[in-house]
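This report goes through a structure at the level of chains, domains and helix packing. The sequence and the coordinates are shown first.

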Amino acid sequence: MRREIPVFMGSTIGAIIIADYYVRVPWISTVAKELLDWTLILSAFALVLASINLVRKHVKSIAKSESTAPYSVLLLVVLAAFAFTGIAVGTTSASFRFLFDSILEPVSSSLMGTIGFYFLSAAYRTFRARNLEATLLLVAAVVVMLGRSTIGTFIWPGANGAAEWLLDVPNTAANRGIIIGAALGLVSAAVRLLLGIDRSYLGEE
Amino acid sequence: MLVKGQEVTLVALLLLLGMTIYLIRSARAIPPIRKIAGLEAVQEAIGRATETGRPVFYTPGLGNISSGSSGVDTMAAVEVLSHVAALTAQYKLPLTVGVLDANTYAVSDQTVREAYIRAGQPDLYNPEIVQFMSPQQFGYAAACSAFFEREHPAAIFLMGFFQAETVMLAESAALTGAIVIGGMVRYTQLPSFVASCDYTLIAEELYVAGAYLSKQPAKMACIRSQDIAKLGAVVLIAAGAIMATFGSKTLIDLLK
């Protein structure tokens with residue numbers, strides 16, 4: 001029963017949500033909307049559990065004086081600042097907005113800015129003519145880089161057209177093949193979950 | 001009663017559902033599926049971790065299991081996590097699972113606990129195996145990258161739904177010298193995984209990963225029905241392309 005009840009609940013709720021997508025029956029729509037609202041409530045409880053896990057981990061790091069303890073202190077201080085400010089004066093207040101604009105946004109932007117360097121590192125390791133496929137990849141990458149940059153069209157006037165063809169024909173064909181395969185795989189995976197065949201979250205293999 | 005414009009997809013879904021149920025119940029022998037290098041490498045990666053005594057890191061991505069766009073990707077990743085966690089329990093390896101989403105944290109924690117019980121090592125489980133890194137995309141990526149630098153895992157699994165932080169995760173994982181096995185469905189960030197990971201599960205390979213690793217007949221029947229549906233899609237595309245070339249829009253109008 002311990003395993004059958006979650007599977008039955010999941011299958012029933014999934015069937016109702018799917019039915020709401022395909023048919024217009026008032027009571028199904030009402031029940032589906034209610035279930036989706038319950039999802040938000042469950043997510044809020046899950047966030048409490050996750051937050052406890054986060055705080056516990058960093059408190060332990062501080063207690064054990066690990067090398068990352070200073071960063072754990074910083075995390076807990078910022079976490080507390082955001083939490084208390086949000087609860088006390090609201091998340092739309094000027095104070096909360098100030099914290100967001102001065103801490104979270106610059107840090108996120110900085111981390112996003114490092115992506116370019118990671119791309120360079122990945123490209124340096126990947127674009128090597130080790131075999132035929134790697135050589136084709138290298139040539140395609142060079143053509144697209146030339147075609148997408150102003151200086152590239154000065155070096156080779158036909159670069160833009162070649163890049164467009166590469167992106168519009170073989171690249172689009174491959175993407176569409178992946179999308180179709182992925183869509184069918186997604187439906188199959190969803191069917192496995194809804195029929196209760198996949199029960200990995202209940203400990204079955 | 002039927003929503004206009006959804007009739008064809010409903011019929012297709014019911015056909016797929018019926019075919020899946022038929023294949024499961026018919027208990028016919030399912031032909032073996034082709035080897036997927038990324039999944040064959042799971043054992044190799046765990047073996048490397050066992051030899052070196054270094055930890056294993058797994059992340060099911062930043063998807064939300066209750067989201068329509070990333071839910072199934074994340075559940076597929078959790079399915080693979082169950083298998084990896086059972087292996088790490090069996091070989092007594094330290095495992096760390098980094099998550100971004102709170103719902104995924106709850107499901108991953110449950111999955112890991114059950115996997116350790118299934119492997120006969122309930123004492124090795126502790127609540128700190130699954131770590132809620134950050135609810136922010138780049139905070140999560142930075143936390144994972146910092147873990148890679150500090151702990152130097154021997155095997156890193158990046159499975160599920162990822163977005164802009166893909167290259168950051170994959171490249172920082174690759175630079176540690178670990179065996180990196182990635183798997184994602186969305187084609188927009190797939191090239192980053194292919195460039196940086198040692199093995200990559202592309203699109204539907206992630207969805208079939210759980211079935212491939214478990215080899216259960218019911219799950220293999222689902223893969224079979226998926227392949228039959230894919231064959232049907234190929235036939236429809238070919239027929240539609242030929243008909244459209246000769247000026248006929250019959251098939252296009254029929255499928256609208």
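## Basis

The model is predicted. Local features are described where pLDDT is at least 70, while totals for chains and interfaces use all residues.

## Chain B as a whole

Chain B has 256 residues, of which 52% are buried. Its secondary structure consists of 10 helices and 6 strands. The C-alpha trace of chain B spans about 60 × 40 × 35 Å along its principal axes.

## Domains of chain B

Two domains are assigned in chain B: domain 1 covers residues 37–214 and domain 2 covers residues 216–249. Taken over C-alpha atoms, the centres of domain 1 and domain 2 of chain B are separated by 32 Å.

The contact between these domains of chain B involves 4 residues of domain 1 and 5 residues of domain 2. On the domain 1 side, the residues that touch domain 2 are 2 nonpolar and 2 polar, with no charged residue.

## Contact between the chains

How many residues of chain B are in contact with chain A? There are 59 of them, and they meet 46 residues of chain A. Helix H4 of chain B, residues 102–118, supplies 11 residues, the largest share of the side of chain B that touches chain A.

By residue class, the side of chain B that touches chain A has 36 nonpolar, 15 polar and 8 charged residues.

## A helix pair in chain A

In chain A, helix H2 (residues 26–63) packs against helix H3 (residues 69–89). The angle between them is about 140 degrees, and their axes are 8 Å apart. Is the pair oblique or roughly antiparallel? H2(A) is oblique to H3(A), because only angles over 145 degrees count as roughly antiparallel. The crossing of H2(A) and H3(A) is left-handed.

H2(A) contributes A:Val55, A:His58, A:Ser61 and A:Ile62 to this contact, and H3(A) contributes A:Ala69, A:Ser72, A:Val73, A:Leu75 and A:Leu76. The residues of the contact of H2(A) with H3(A) divide into 6 nonpolar and 3 polar, and none is charged.

Note on methods
Residues are numbered from 1 along each chain as its sequence is written. Chains are lettered from A and ligands numbered from 1 in the order in which they are written. This is a predicted model: local features need pLDDT of at least 70, side-chain atom pairs count only at pLDDT 80 or more; totals for chains, interfaces and linings use all residues. Two residues are in contact if their C-beta atoms, placed from the backbone, lie within 7 Å. Helices (H or I, at least four residues) and strands (E, at least two) are DSSP runs, numbered from the N terminus. Ala, Val, Leu, Ile, Met, Phe, Trp, Tyr, Cys and Pro count as nonpolar, Asp, Glu, Lys and Arg as charged, and the others, Gly among them, as polar. Domain bounds come from an automatic or database domain assignment. Axes are lines fitted to C-alpha atoms, for helices over the stretch in contact, and angles run from 0 to 180 degrees between N-to-C directions. Angles under 35 degrees count as roughly parallel, over 145 as roughly antiparallel, 65 to 115 as roughly perpendicular and the rest as oblique. A crossing is left-handed if the near helix is turned anticlockwise from the far one by less than a right angle, and right-handed if clockwise. A residue is buried if 20 or more other C-beta atoms lie within 10 Å of its own, exposed if 12 or fewer, and partly exposed in between; C-beta atoms are placed from the backbone.
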